[in-house]
Amino acid sequence: MPASGSTYSYASASLGRTAGFLVGWDLILEFAVAAATVAAGWSGYARSLMAEFGFHLPAALAAPPGAGGFVDLPAAGIVLVLTLLLTRGAREVSAANAWLVAVKVAIILAFLAVGLAHHRGRAGFMFVDADVM
């Protein structure tokens, strides 16, 4: 039995193998639905990024089936890339995570640099009474 302390382990040890089996598959279904929802959200960003470069997918290939499309190819591509990354192993996932964190920090620092370059010294003091100053 896995000793990770997961819900599956607890259900299997306390309620039996059948309950553990059901809980394990329920977790897989939950993760699959959550991943599909996130991928559909990221798909919008991917489509807008592709549009910036002049690449447009037909509506049937760029929208989820509930929104009139046939298949959401950007979402499927995102799920495929992340699945391939996760199957590569912990070292590659850790390196990708470090790279993404570095990109996020660089974006925040660039935002602060641009903001400080356009900062006017007394811009926030108009809300303070003159007596306090």
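Colleague: How do helix 2 and helix 4 pack, and where is Asp72 found?

Modeller: Please bear in mind throughout that this is a predicted model. For orientation, the protein has five helices and zero strands, and 11% of its 133 residues are buried. Among contacts between residues at least 6 apart in sequence, 28% join residues at least 24 apart.

Turning to the part you ask about, helix 2, which covers residues 17-52, packs with helix 4 at an angle of about 110 degrees, and their axes lie 8 Å apart. Because angles of 65 to 115 degrees count as roughly perpendicular, helix 2 is described as roughly perpendicular to helix 4. By class, this contact has 10 nonpolar residues, together with one polar and one charged residue. On the side of helix 2, the residues involved are Ala39, Ala40, Trp42, Ser43, Ala46, Arg47 and Met50, and they meet Pro74, Ala75, Ile78, Val79 and Leu82 of helix 4.

Asp72 is found in the loop between helix 3 (59-62) and helix 4 (73-88). With a relative accessible area of 9%, Asp72 falls under the 20% cut-off and therefore counts as buried. Leaving aside residues up to four places away in sequence, Asp72 touches Ala40, Ser43 and Arg47, and also Leu61, Ala62, Ala63 and Pro64.

Note on methods: Residues numbered from 1 in each chain as written. Predicted model: local features only at pLDDT ≥ 70, side-chain atom pairs only at ≥ 80, totals over all residues. Heavy atoms only, no water. Helix = DSSP H or I, 4+ residues; strand = E, 2+ residues; numbered from the N terminus. Buried < 20%, exposed > 50% of the residue type's maximum accessible area, 1.4 Å probe, protein only. Contact = heavy atoms within 4.5 Å. Axes fitted to C-alpha atoms, helices over the stretch in contact; angles between N-to-C directions. Parallel < 35°, antiparallel > 145°, perpendicular 65-115°, else oblique. Nonpolar A, V, L, I, M, F, W, Y, C, P; charged D, E, K, R; others polar.
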